[in-house]
Amino acid sequence: MREAIQDKPTVGFKIGLLGLGTVGTGTAQILLDPAQRHPLVQELELYRVGVRSLDKSRPVDLPADRFTTDLESIVTDPAVDIVVEVIGGLEPARSLMLTAIAHGKHVVTANKAAIARFGDEIFTAATKAGVYVLLEAAVGGGIPVIEPLKQSLCANRIHTVMGIVNGTTNYILTRMQTEGGDFADILADAQQLGYAEADPTADVDGLDAADKIAILASLAFGGRIKLPEVHCEGIRQVSAADIAYADKLGFVIKLLAVAKRNPQVATDPEQLQVRVHPTLIPKVHPLASVNQVNNAILVEGDPIGQVMFFGPGAGAGPTASAVVSDILNIAAILKVGRGSQMPLDGKALLDPLLACSHQHYCAIAPMDELTTRFYARFSTNDTPGVIGKLGTCFGDHNVSLESVVQTDVRGESAEIVVVTHNVREGNFHQALTEIRAMTSVNSVASVLRVL
């Protein structure tokens with residue numbers, strides 16, 4: 001009688017989870033329910049979970065001894081293979097990730113703020129220690145964009161990465177477009193519905209989007225980005241009138257994050273534009289139809305052309321999906337023995353398509369040197385020659401106008417809306433300075449860029 005063949009014992013990878021909030025809970029639920037997922041999920045053990053309080057009821061079923069308020073004990077535990085940081089914020093997240101790296105732990109994080117600010121320090125430490133720091137969940141929620149930039153698109157020369165990467169602002173702008181409401185009223189409603197934070201500053205002032213485009217630019221162009229050099233404008237100044245005018249002109253307004261090679265500087269082909277600002281997008285453009293809380297990232301490269309990644313940019317399920325995909329990437333490498341191998345020269349053999357080894361900083365172009373199109377709305381006196389004076393001033397500064405429309409004449413005042421051709425930003429703003437001084441111009445009501 002033949003001896004029964006024993007099943008090969010399962011290789012276990014112990015996960016230390018820092019945080020059990022929205023994303024942490026979603027991550028734990030995937031790890032505890034591996035049925036019909038990739039078989040490798042079955043080999044992941046949720047070994048320790050760091051929480052703020054042990055007394056709080058939990059939506060996940062784990063033995064009480066798996067929880068601890070001592071997060072330091074998780075990142076230093078010799079048994080933990082992979083540390084998952086989903087507590088957010090800058091500290092203690094940064095310190096915990098660095099401690100985990102120093103103890104030879106691989107790290108998965110959803111923390112775009114910490115990576116955008118401390119990526120240099122974190123990735124330098126990870127490269128030296130021979131461990132991975134993966135961050136698919138840091139940009140775009142459940143949309144796979146980090147790994148495609150690292151791997152699937154790595155044969156391309158990337159020219160542009162741009163997109164809608166903040167769901168809160170996209171939700172607000174979508175409702176302003178469909179309902180004709182003002183920013184302040186719809187923001188207040190979004191806060192009541194839970195689509196906007198009580199303090200919405202990071203979202204509505206563009207700071208969250210700036211963190212994300214800094215990360216995407218670093219990956220797309222193979223260099224580090226200094227976050228303070230990313231130009232950042234939010235959507236507070238976008239009014240219902242701007243939304244209506246844009247619609248009449250064939251545009252929608254979105255908060256756009258842009259990273260692209262700067263074509264204006266032939267002497268420095270590696271110089272980049274990296275910026276966040278509200279933008280008029282033609283209705284026929286693929287990003288124009290991205291509405292509500294959805295995100296989309298459009299990548300242009302040679303030879304692929306254009307590809308776009310679209311989907312839910314936040315939420316427990318989508319973000320946890322990205323977190324667990326990173327865990328599985330690391331587990332797969334460890335399983336076949338390709339993780340942290342130390343050859344004779346003492347340098348770790350990390351997968352070059354997963355690890356980040358950028359050393360140089362990208363040069364970022366000053367905004368005044370950029371060339372773009374503009375939309376501007378002026379409140380003027382309804383007197384003869386006003387449009388001519390505006391046209392002459394713009395012409396004196398080499399600003400070419402694509403269209404000029406006078407609307408909403410009310411008594412002795414009127415509104416004039418202009419859209420320019422591609423112009424140098426510095427020239428455009430010099431013209432605006434002179435226009436503001438004109439006695440026939442009451443105010444420059446709005447200035448937005450046009451894609």
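This report looks at one helix pair and a set of salt bridges in a predicted model.

## How helix 1 meets helix 11

Let's start with the packing of two helices. Two packed helices are described by the angle between their axes and the distance between the axes. Here, helix 1 spans residues 22–31 and helix 11 spans residues 316–335. Their axes come within 8 Å and cross at roughly 60°. Angles from 65 to 115 degrees would count as roughly perpendicular and those under 35 as roughly parallel, so helix 1 and helix 11 are oblique to each other. The crossing of helix 1 past helix 11 is right-handed.

Which residues make this contact? On the helix 1 side they are Thr-22, Val-23, Gly-26, Thr-27, Ile-30 and Leu-31. Helix 11 answers with Ala-316, Thr-319, Ala-320, Ser-321, Val-323, Val-324 and Ile-327.

Lys-335 lies in helix 11, while Glu-43 sits in the loop between helix 1 and strand 2 (44–50), so the pair ties together parts that are 292 residues apart in sequence.

The two partners differ in their surroundings. Buried means under 20% relative accessible area, so Glu-43, at 12%, counts as buried. Lys-335, at 44% relative accessibility, counts as partly exposed.

## Salt bridges between strands

Asp-302 pairs with Arg-157, and their closest N and O atoms are 3.0 Å apart. Because Asp-302 belongs to strand 11 (residues 294–302) and Arg-157 to strand 7 (residues 157–164), this bridge ties together parts that are 145 residues apart in sequence. Both ends count as partly exposed: Asp-302 has a relative accessibility of 36%, and Arg-157 has 49%.

Arg-373 and Glu-402 form another salt bridge, with the closest N and O atoms 2.9 Å apart. It links distant parts of the chain, from Arg-373 in strand 13 (residues 371–381) to Glu-402 in strand 14 (residues 401–410), which are 29 residues apart. Arg-373 counts as buried at 15% relative accessibility, whereas Glu-402 is partly exposed, with a relative accessible area of 41%.

## A linked network

Which residues are linked in a network of salt bridges? They are Glu-91, Arg-94 and Glu-121.

Note on methods:
Residues numbered from 1 in each chain as written. Predicted model: local features only at pLDDT ≥ 70, side-chain atom pairs only at ≥ 80, totals over all residues. Heavy atoms only, no water. Axes fitted to C-alpha atoms, helices over the stretch in contact; angles between N-to-C directions. Helix = DSSP H or I, 4+ residues; strand = E, 2+ residues; numbered from the N terminus. Parallel < 35°, antiparallel > 145°, perpendicular 65-115°, else oblique. Left-handed = near helix turned anticlockwise from the far one by under 90°. Contact = heavy atoms within 4.5 Å. Buried < 20%, exposed > 50% of the residue type's maximum accessible area, 1.4 Å probe, protein only. Salt bridge = Lys/Arg side-chain N within 4 Å of Asp/Glu carboxyl O.
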